[in-house]
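Please keep the structure in view while reading.

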Amino acid sequence: MAARKPYVGGNWKMNLNGREAKELATALADGFTLGDQAEAAVFPAFPYLEKVGQALAAKSSSIKLGAQDFYHQPNGAYTGEVSLAMLKDVGASVVLVGHSERRHVIGEPDTLINDKVLAALETGLEVILCIGEKIDQREADKTDHINTGQLGYGLAGVSEAQMARVTIAYEPVWAIGTGKTATPQDAQDTHKVVRQALSFLYNDDIANAVRLQYGGSCKPSNAADLFAQPDIDGGLIGGASLKADDFLAILQAAADKAGVPA
Ligand code: PEP
């Protein structure tokens with residue numbers, strides 16, 4: 001069975017100005033030499049996508065350019081929105097869908113998240129589908145129920161072939177940007193449940209091939225322990241992706257895991 005290649009994304013959220021985004025991209029492109037062992041992507045804010053893409057391309061970097069959001073309709077009267085074709089046009093190859101800030105701050109429902117997943121895959125892009133429970137749901141023992149529910153809704157209508165371009169990011173909402181990290185064992189327990197759910201929704205081969213990222217206050221000091229878990233295949237990183245040294249250290253931790261059979 002082929003090994004799953006560790007995969008780490010840096011979600012820059014609504015941070016950095018254009019100069020800072022370009023400098024960070026250049027520093028990452030210079031520092032990331034582990035493309036054979038780990039995959040990396042960065043998700044700058046919309047206005048800087050092209051600039052960051054150019055900075056990565058100037059160094060022939062393997063770091064992929066990603067977008068934090070988009071609207072699923074191809075074009076038209078959707079003031080303020082950005083289409084998938086526009087993202088492709090500026091060089092993005094991967095999109096985040098269902099991030100907890102879009103679910104719980106902006107208010108995106110599961111139906112919209114599913115529309116976005118389907119549209120992105122039909123456009124040929126890669127999708128990182130984010131799922132995760134809130135603290136009250138965890139305390140009410142609903143962690144597995146919430147995560148498998150978000151997974152099933154998000155992937156409704158996604159074909160077996162399209163699953164080759166899907167990554168799942170498990171991001172407990174209570175751990176995002178809070179400094180509170182799930183213990184490696186807690187994260188592994190949920191990742192295992194997610195992989196079992198993928199097996200139920202698809203089959204064992206697909207479940208074993210899909211990369212499952214952990215997200216939620218992942219940083220250089222805890223990345224190796226998290227990534228050492230058998231079902232954790234990298235991370236989706238917020239705060240720690242804004243500093244080149246920290247993000248590169250997390251990428252190194254992911255690369256160190258490379259070669260573990262799926
Ligand atoms: C995120 O934004 O997906 C995230 C995990 O943020 P942080 O690493 O800051 O918790």
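**The ligand and its surroundings**

In this predicted model, a polar atom in the side chain of Asn11 is placed 3.4 Å from an oxygen atom of the ligand. The side chain of His99 also takes part, with an N or O atom 2.9 Å from a ligand oxygen atom. Gly177 contributes through its backbone: one of its N or O atoms lies 2.7 Å from an oxygen atom of the ligand. Of the 300 Å² that the ligand exposes when taken alone, the protein buries 95%.

The shell around the ligand comprises 14 residues, of which Lys13, Glu171, Gly177, Ser217 and Gly238 are the closest. By class, eight residues of this shell are polar, four are nonpolar and two are charged.

The chain contains 11 helices and eight strands. Its C-alpha trace extends over about 45 × 45 × 35 Å along the principal axes. The radius of gyration of the chain is 17 Å, which agrees with a compact globule, because a globule of 262 residues would have a value near 18 Å.

Conventions
Residues numbered from 1 in each chain as written. Predicted model: local features only at pLDDT ≥ 70, side-chain atom pairs only at ≥ 80, totals over all residues. Heavy atoms only, no water. Near = heavy atom within 4 Å. Polar contact = N/O pair within 3.5 Å; in protein donor to acceptor, adjacent residues only side chain to side chain. Areas by Shrake-Rupley, 256 points an atom, 1.4 Å probe, with all protein chains shown as cover. Nonpolar A, V, L, I, M, F, W, Y, C, P; charged D, E, K, R; others polar. Helix = DSSP H or I, 4+ residues; strand = E, 2+ residues; numbered from the N terminus. Rg over C-alpha atoms; globule rule 2.2 N^0.38 Å.
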